[in-house]
Amino acid sequence: MKCPRCGHEMDYRKETETFDRNYKAIQTYYKCPICGYRINDQYITLSGVNGSLKISVRTTVRMHVTK
Ligand SMILES: [Zn+2]
């Protein structure tokens with residue numbers, strides 16, 4: 001995927017946030033290494049309720065620039 005701002009190839013990355021041992025969130029996104037432009041891809045939440053795992057995937061279309 002090419003950066004819409006400068007045309008450089010973007011990196012695909014993910015960030016994991018752990019809130020407690022039963023709840024985790026993973027955000028995947030594209031980020032341009034040159035200008036820092038970022039496009040969020042998917043937001044995945046993993047939660048354990050009474051021993052069973054619940055997974056929810058949300059595709060984010062909002063774009064924002066990280067300074
Ligand atoms: Zn760029």
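Me: Which strand holds Val57?
Reply: In this predicted model, Val57 belongs to strand β4, which covers residues 52-59.

Me: Is Val57 buried or exposed, and why?
Reply: Val57 is exposed, because its C-beta has 10 other C-beta atoms within 10 Å, and the cut-off for an exposed residue is 12 or fewer.

Me: What does Val57 contact, leaving aside its neighbours within four places in sequence?
Reply: With those neighbours set aside, Val57 is in contact with Gln42 and Ile44.

Me: And how far apart are Val57 and Ile26?
Reply: The C-alpha atoms of Val57 and Ile26 lie 9.3 Å apart in space, while 31 residues separate the two in sequence.

Me: How many buried residues does β4 have?
Reply: The count is zero among the eight residues of β4, so this strand is hardly covered.

Me: Let us turn to the whole chain. How many helices and strands are there?
Reply: The chain has zero helices and five strands. Read from the N terminus, the order of elements is β-β-β-β-β.

Me: What share of the chain is buried?
Reply: Of the 67 residues, 4% are buried.

Me: Back to the strands, then. How do β1 and β2 pair?
Reply: They are antiparallel, with nine bridges between them. Strand β2 takes in residues 23-31, and β1 takes in residues 11-20. Together they form a hairpin, with two residues between the strands.

Me: Which residue is the bridge partner of Glu15?
Reply: Glu15 is partnered by Gln27 in β2. Elsewhere in this pairing, Thr18 stands opposite Lys24, also a residue of β2.

Me: What about β2 and β3?
Reply: Strand β3, residues 37-49, pairs with β2 in the antiparallel sense over nine bridges. In this pairing Tyr23 stands opposite Ser47 of β3.

Me: What lies between those two strands?
Reply: Five residues lie between β2 and β3, which form a hairpin. In the turn, Gly36 has a positive phi of about 85°.

Me: And how many bridges join β3 to β4?
Reply: Eight bridges join them, and the two strands run antiparallel. One of the bridged pairs is Thr45 with Ser56, the latter in β4.

Me: Which residue in the turn between β3 and β4 has a positive phi?
Reply: That residue is Asn50, with a phi of about 50°. This hairpin has two residues between its strands.

Me: Changing topic: what share of contacts between residues at least 6 apart in sequence join residues at least 24 apart?
Reply: The share is 30% in this chain.

Me: Last point, confidence. What is the average pLDDT?
Reply: The chain averages 89, and 90% of the residues score at least 70.

Me: Where is confidence lowest, and where is it highest?
Reply: Confidence is lowest in strand β5, residues 63-65, with a mean of 55. It is highest in β2, at 95.

Conventions:
Residues numbered from 1 in each chain as written. Predicted model: local features only at pLDDT ≥ 70, side-chain atom pairs only at ≥ 80, totals over all residues. Buried ≥ 20, exposed ≤ 12 C-beta atoms within 10 Å, placed from the backbone. Helix = DSSP H or I, 4+ residues; strand = E, 2+ residues; numbered from the N terminus. Pairing = 2+ DSSP bridges. Contact = placed C-beta atoms within 7 Å. pLDDT = per-residue confidence, 0-100.
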